[in-house]
Amino acid sequence: MKIMTIYAHPADTVTNCGGTLARHADDGDDITALILTHGGRIHPNRYAEEWRKDDPDRTITGSGLAEVITNKKDELSRAAEILGIGKVITLDRDDAVHTVQDDLVEEVARQVAAEQPDVVICDYPLNPAQSANPHTAATMTALAGIGRAGIYLENLDGRSEVNVKQIFFTSLPVFATEALSSNGVRNDLFIDITDVVGRKIAAMDCFASQGYDGNFARKLIESNNGEFGRAAGVNFAEAYVRHYNETHALLPVTSYAESTDVLTRHLSYSRIDLRSEHPAAR
Ligand SMILES: [Zn+2]
């Protein structure tokens, strides 16, 4: 299977679906991460914190945009290697992408056509009517690009249509465990990342320039992936909303559902002490 992620910023791929990608990489799947912006301005902790010191290191405070971006790309490429992301494509737009831009849609469509992914992972567009948020804008761009690639015609575009079979949305902040709460708005699919949680932590540790390493990596995974894990009935999970309906020949029941013991479920998903197993370097 070919998976393509489409996100606004370099670290988004890791924080949202890094564990899922690691599991698919281990299973032999082909993964491409498409990142719309260079991320040079978002979470510039390394540089801003240095300015606050009485005697700042001028080699850090003197970094221009090119150096900031190069450092972020180095962090991204080390994280990608840890997770098994085979290919990283950075479109290097400025971080301030707040609207859907036609030329960027066309570029995304070209990348989707070149990569031919079976599935795409991107952020849930929290407010597509009033985007302003770069994550929403990135997903609206991704959906438009996938739509554009879906109607390519050999006669007109020099390439045939691309059939993306499913789109999985991340970052929907809803933790309901059934269909009736929250009027049905919920994550409807979880991936158990317990076996690869150490690699997700190690990948987040790469993003030291934006303060994502150390305690923050552990806090985010304990709280976010831990809470998704509670909803999923496992120690750590990543959560998704499926864009398209699924069709099955028979009603599906997962192996996780079959093996769940409702009496001890809360204990089995609370086994791991993340910070003792993966201590922070700082
Ligand atoms: Zn982001």
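**Talking through the model**

Mentor: Helices here are DSSP runs of H or I with at least four residues, strands are runs of E with at least two, and both are numbered from the N terminus. This is a predicted model, in which local features need pLDDT of at least 70 and side-chain atom pairs count only at pLDDT 80 or more, while totals for chains, interfaces and linings use all residues. Residues are numbered from 1 along each chain as its sequence is written.

Trainee: What angle do H4 and H8 make, and how far apart are their axes?
Mentor: Helix H4 (residues 65-83) and helix H8 (residues 197-205) pack at about 170 degrees with their axes 8 Å apart, where axes are lines fitted to C-alpha atoms, for helices over the stretch in contact, and angles run from 0 to 180 degrees between N-to-C directions.

Trainee: And which residues of H4 and H8 meet there?
Mentor: On the H4 side they are Ala-79, Ile-82 and Leu-83, which meet Arg-199, Ala-202 and Ala-203 of H8; a contact requires C-beta atoms, placed from the backbone, to lie within 7 Å.

Trainee: Switching to the sheet, what is the strand order?
Mentor: The sheet is open, has seven strands in the order E3-E2-E1-E4-E5-E7-E6, and its pairing is mixed, with two strands counted as paired if DSSP finds at least two bridges between them. Strand E3 (87-93) and strand E6 (189-192) are at the edges with a single partner strand each, so one side of each has no neighbour in the sheet. On average, and ignoring direction, neighbouring strands are turned by 25 degrees against each other.

Trainee: How many bridges join E6 to E7?
Mentor: Four bridges join E6 and strand E7 (residues 237-242), in the antiparallel sense, and Ile-191 has Glu-238 in E7 as its bridge partner. Helix H9 (residues 215-232) packs on the sheet there, touching E6 and E7, and its direction makes about 70 degrees with that of E7.

Trainee: Which strands does H5 lie across?
Mentor: Helix H5 (residues 102-115) lies across strand E1 (2-7), strand E2 (30-37) and E3, and runs at about 165 degrees to E1.

Trainee: How many residues are in the largest nonpolar core?
Mentor: That core has 65 residues, and those with the most contacts inside it include Ile-6, Val-120 and Ala-237. Such a core is a set of buried Ala, Val, Leu, Ile, Met, Phe, Trp, Tyr and Cys residues joined through C-beta atoms within 7 Å. Leaving aside neighbours within four places in sequence, Val-120 is in contact with Met-4, Ile-6, Ala-142, Ile-146, Val-164 and Ile-167.

Trainee: Is Asn-183 buried or exposed?
Mentor: Asn-183 is exposed, having 8 C-beta neighbours inside 10 Å, and it lies in the loop between strand E5 (166-170) and E6. Its phi is positive too, at about 50 degrees.

Conventions: Contact = placed C-beta atoms within 7 Å. Buried ≥ 20, exposed ≤ 12 C-beta atoms within 10 Å, placed from the backbone.
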